[in-house]
Amino acid sequence: MQSLILTFKLALIVTAILFVIGIPLAYWIAFSKSRFKYIVETLVTMPLVLPPTVIGFYLLIAFSPQYFLGHFLESVFGLRVVFSFTGLVIGSVIFSLPFMVNPIKAGLQNFPLALLEASYVLGKSPWKTLRCVILPNIKPALLTGLVMAFAHTIGEFGVVLMIGGNIPGETRLASIAIYNEVEALNYDTAGVYALVLVGISFFILLVFYYLNRKALKIF
C-alpha cells in the first residue's frame, strides 16, 4: 500500500502543477507569433520521442550535488533533488508535460476566433478572456490533459527510477515495486500491484470517456 499511496500522491501533485503551467504555456504556443514558438513547442514535445532513461539521466546529472545546479540548490536552499520525492515531482512534470500541453493547445487552436475578437471588442483583457470565455469552452481538451497527465504519471518508470532511485517509503513507486518483485521472482505480489494499476487505469479512462462524451454533447 505504501508504494501505491506514494504513486497516487505523486500523480495528484504533478497533475496539479501541470494544470497550472500547462494552460498559459499552451495558450502562448497556440497564439504567439514569436519566432521562438517552434523551438519551445519542440522542447515541450520531446519527452514523447525520447527514451525516459535519457531524460532521467540528464536530470540526474543536472541535479547531482557534484555539479553546479545540484550543489547550488543543496548549499543555498538545503534542497536535495536526486533520490528524493522532490526529484520525482520534477522529473514527472518534465516527462508528462506534453500530455497536458498538447491537448489544451489543440483545443485552443480549434477555438472560434470570432469569440476571441468579440471578447476583445467588448473590452475584456486577455486574462479575463482566457478565464471566462476560452476555458469554459474547451472543457473536453482540459479534461483530456488532466486525465492523460495523471494516468501517464502513474505508469512512469524510467525517469523516476533514474532520478528518484528505489528508496522504500520515499521514492519507490508502484511501477518500481513491480520491477522489484519480478526480479525477486515474487510473481504473485507483482501481479497484485499490476492488477491494481490496471483496474485503476481502466476506471480513470472509463470515467474520462464518459465525461468527455457528455461534454461534447453539451458543446
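This report describes a loop serine and the nonpolar cores of a predicted model.

Ser32 sits in the loop that runs between α1 (2-31) and α2 (37-45). With a relative accessible area of 14%, Ser32 counts as buried, because the cut-off for that class is under 20% relative accessible area.

A polar atom of the Ser32 side chain lies 3.0 Å from the backbone nitrogen of Ser34. When residues up to four places away in sequence are not counted, Ser32 touches Tyr27 and Lys37.

## The largest nonpolar core

The largest nonpolar core holds 31 residues, and the members that touch the most other members are Leu10, Leu18, Ile104, Leu108, Ile134 and Ile138. Two or more residues of this core come from each of the elements α1, α5 (85-109), α7 (126-137) and α8 (139-154). In soluble globular proteins, nonpolar side chains tend to be buried together.

For Leu10, with residues up to four places away in sequence left out, the residues touched are Phe85, Leu88, Val89, Ser92, Thr153 and Leu173.

Phe8 belongs to helix α1, and, leaving aside neighbours within four places in sequence, Phe8 is in contact with Phe150, Ile154 and Ile200. Although Phe8 and Val196 are 188 residues apart in sequence, their C-alpha atoms are 12 Å apart in space.

Methods:
Residues are numbered from 1 along each chain as its sequence is written. This is a predicted model: local features need pLDDT of at least 70, side-chain atom pairs count only at pLDDT 80 or more; totals for chains, interfaces and linings use all residues. Side-chain values use heavy atoms; hydrogens and water are left out. Helices (H or I, at least four residues) and strands (E, at least two) are DSSP runs, numbered from the N terminus. Buried means under 20% relative accessible area, exposed over 50%, partly exposed in between (1.4 Å probe, protein chains only). A polar contact is a pair of N or O atoms within 3.5 Å; within protein, one must be able to donate a hydrogen and the other to accept it, and residues adjacent in sequence count only if both atoms are side-chain atoms. Contact means heavy atoms within 4.5 Å. A nonpolar core is a set of buried Ala, Val, Leu, Ile, Met, Phe, Trp, Tyr and Cys residues joined through side-chain atoms within 4.5 Å.
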